[in-house]
Amino acid sequence: MISGQDWPLRSVEEIVEFFMQHNGENFIQYWSSKNFGKHIQNNFDKRNQIYFPEGIIGRKFWQKVLKRGWVEISGGYNRTWKLFQRKQLEVNFYFGSQWWCLSKETVNWINNYLAENPDFYDFYRSSSTPDESFFHTLVMLSPFGDKTTDNLLYQHFQKGANSPDVLTADDLQRAKESKYLIMRKVDMDVDEAFLSI
């Protein structure tokens, strides 16, 4: 799972060889939450604890203001008043980066599970940032949850930032020396040098 802002660090042959050597493994990242890492309630858990009306989910300024207000009214990011708690699925929720790579066996299991449990999909329709929990929860719910490792992306975050830095050609060599297969984010409007590589 990659986007148009990702840049390969290895040749096609090297990437294919990597996956042949790691056949059956899932590359998906997890962040600390009630059910992972430090097991401490935090803003990730909040994303599924309350109902988020569809109209306040978005990138527009007024949507961000309404969403933040809704979170604060319901108890803030690190707790939720009982009045606002929505009916939960009977699963442990996990959270992580939306950029993952899953094995065929895991994807087949997920497809079968969703076909038999449409309520799982319906639940996430009114969650906040579902792409950072939906597949993570399914992988850990599956029989393949122990076949996971970190994702395959080289990224750089400034301290406290929600999004990674836009990388330039100056970052390319350091990224190539890393263990990762892909670098993120690359933007041709920021550095056109990638067009000539």
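This is a short talk on a few places in one predicted structure.

Hi everyone. Before we start, some ground rules: the model is predicted, so local features need pLDDT of at least 70, side-chain atom pairs count only at pLDDT 80 or more, and totals for chains, interfaces and linings use all residues. Residues are numbered from 1 along each chain as its sequence is written, and side-chain values use heavy atoms, with hydrogens and water left out.

Which residues of helix 4 are buried? They are T106, I110 and Y113, where buried means under 20% relative accessible area, exposed over 50%, and partly exposed in between, with a 1.4 Å probe and protein chains only. On the face turned away from the buried side you'll find the exposed residues K104, A115 and E116.

Next, please find N42, in the loop between strand 2 (26-27) and helix 2 (43-49). N42 counts as buried because its relative accessibility is 13%. Leaving out residues up to four places away in sequence, N42 touches S32, S33, Y77 and N78 (contact means heavy atoms within 4.5 Å). With S32, a polar atom of the N42 side chain lies 2.8 Å from the backbone oxygen.

Now for H22, in the loop between helix 1 (12-21) and strand 2. At 25% relative accessibility, H22 counts as partly exposed. H22 and S103 are 81 residues apart in sequence, yet their C-alpha atoms are 9.4 Å apart in space.

Last stop, the sheet. Strands of a sheet pair through backbone hydrogen bonds, either parallel or antiparallel. Here three strands form an open sheet in the order 1-5-4, with mixed pairing (two strands pair if DSSP finds at least two bridges between them). Strand 1 (6-8) and strand 4 (153-154) are the edge strands, each pairing on one side only. Strand 4 runs parallel to strand 5 (residues 182-184), over two bridges, and Y154 stands opposite M183 in strand 5.

Conventions: Helix = DSSP H or I, 4+ residues; strand = E, 2+ residues; numbered from the N terminus. Polar contact = N/O pair within 3.5 Å; in protein donor to acceptor, adjacent residues only side chain to side chain.
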